[in-house]
Amino acid sequence: METTKTTVKASKVISMSAKTKEKIATVAASLKGKELFTDKIELAKKTLSELKSLPI
C-alpha cells in the first residue's frame, strides 16, 4: 500500500518583522496561564452549580 504526502500551503499569512514577532511572543508569554474575564468565569461557575440537570 502506497501512502501519499500532501503539502499544505499557508494562506493569509501576515508578514512581520523579527522585532514584531518578538513583541508578540513576549505578550503571549505574559498572558499564558492567566484567567482573562474572571468575572464572566465566576458567573458561569455559579450558574452551572445551580443547575440540577442540563437540558439536552
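Let's start at S15, which is found in the segment before α1. Helices here are DSSP runs of H or I with at least four residues, strands are runs of E with at least two, and both are numbered from the N terminus. S15 counts as exposed, at 71% relative accessibility; the cut-offs are under 20% relative accessible area for buried, over 50% for exposed and partly exposed in between, with a 1.4 Å probe and protein chains only. From S15 to K32 there are 17 residues in sequence and 24 Å in space, C-alpha to C-alpha.

A word on the model before we go on. This is a predicted model, in which local features need pLDDT of at least 70 and side-chain atom pairs count only at pLDDT 80 or more, while totals for chains, interfaces and linings use all residues. Residues are numbered from 1 along each chain as its sequence is written, and side-chain values use heavy atoms, with hydrogens and water left out.

Now to the whole chain. The protein chain has two helices and zero strands. Its radius of gyration is 22 Å, well over the 10 Å that the globule rule gives for 56 residues, so the chain is more spread out than a compact globule. That radius is taken over C-alpha atoms, and the rule is 2.2 Å times the number of residues to the power 0.38. Along its principal axes, the C-alpha trace spans about 50 × 45 × 20 Å. Of the 56 residues, 0% count as buried.

Next, the helices. Helix α1 covers residues 18-31, and its end C-alpha atoms are 20 Å apart, which agrees with the 20 Å that 14 residues should span at 1.5 Å a residue. The expected span is 1.5 Å times one less than the number of residues. After α1 comes G33, with a positive phi near 90°. Helix α2, with 13 residues, reaches 19 Å from its first C-alpha to its last, close to the expected 18 Å. Zero of the 13 residues of α2 are buried, so this helix lies largely in the open.

The loop between α1 and α2 holds F37. Most residues other than glycine have a negative phi. F37 is not a glycine, yet its phi is positive, about 60°. At 61% relative accessibility, F37 is exposed. Together with V27, L31 and L36, F37 forms a nonpolar patch on the surface, with about 400 Å² of accessible area for the four. Patch members have over 30% relative accessible area and no salt bridge; like charges are joined within 9 Å, and nonpolar side chains (Val, Leu, Ile, Met, Phe, Trp, Tyr) within 5 Å. V27 belongs to helix α1 and is partly exposed, with a relative accessible area of 47%.

Finally, K52 sits in the segment after α2 (38-50). K52 counts as exposed at 82% relative accessibility. K52 and K32 are 20 residues apart in sequence and 33 Å apart in space, C-alpha to C-alpha.

How values were computed. Areas by Shrake-Rupley, 256 points an atom, 1.4 Å probe, with all protein chains shown as cover. Salt bridge = Lys/Arg side-chain N within 4 Å of Asp/Glu carboxyl O.
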